[in-house]
Amino acid sequence: MVHGKLYMVWRFYYEGFRSMTVGRVLWAIIFIKLFIIFAILRVFFFQPTLTGTDEEKAEKVRVNLIKRPTPSPLP
């Protein structure tokens, strides 16, 4: 019962994508954009800030959490 419905859903999408003309180009554009976002931008702009051993990472986090901002002088 479930197998038949899953097969029908699969065939529906399979035939729909096979008969696409403009949609193929649009899907290609979507995949290219996703590749640029997740592969290229991540490498250049989203570098990991915590490096080193677990103890060094914990110390960096601890120092940044405890660091108190200096009070600004009142005008």
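The model is predicted, so local features need pLDDT of at least 70 and side-chain atom pairs count only at pLDDT 80 or more, while totals for chains, interfaces and linings use all residues. Residues are numbered from 1 along each chain as its sequence is written, and side-chain values use heavy atoms, with hydrogens and water left out.

**Exercise 1. Overall form**

Determine which elements the protein chain has and how its radius of gyration stands against the globule rule.

Solution. 
1. Helices (H or I, at least four residues) and strands (E, at least two) are DSSP runs, numbered from the N terminus. The protein chain has three helices and zero strands, in the order α-α-α from the N terminus on.
2. The radius of gyration is taken over C-alpha atoms, and the globule rule is 2.2 Å times the number of residues to the power 0.38. For 75 residues the rule gives 11 Å; the protein chain has 26 Å, well over that, so it is more spread out than a compact globule.
3. Along the principal axes, the C-alpha atoms fill a box of roughly 70 × 35 × 30 Å.
4. Buried means under 20% relative accessible area, exposed over 50%, and partly exposed in between (1.4 Å probe, protein chains only). Of the 75 residues, 1% count as buried.

**Exercise 2. Aromatic rings**

Solution. 
1. Rings of Phe, Tyr and Trp (its six-membered ring) pair if their centres lie within 6.5 Å; planes under 30 degrees apart count as stacked, over 60 as edge-to-face and the rest as tilted. A search of the whole structure finds four such pairs.
2. Trp10 is exposed at 54% relative accessibility, whereas Tyr14 is partly exposed at 34%.
3. Phe17, Trp27 and Phe31 form one aromatic cluster.

**Exercise 3. Glu56**

Find the helix that holds Glu56 and the backbone atom that its side chain reaches.

Solution. 
1. Glu56 lies in helix H3 (residues 54-66) and is partly exposed, at 43% relative accessible area.
2. Its side chain reaches the backbone nitrogen of Thr53 at 3.0 Å.

Terms used:
A polar contact is a pair of N or O atoms within 3.5 Å; within protein, one must be able to donate a hydrogen and the other to accept it, and residues adjacent in sequence count only if both atoms are side-chain atoms.
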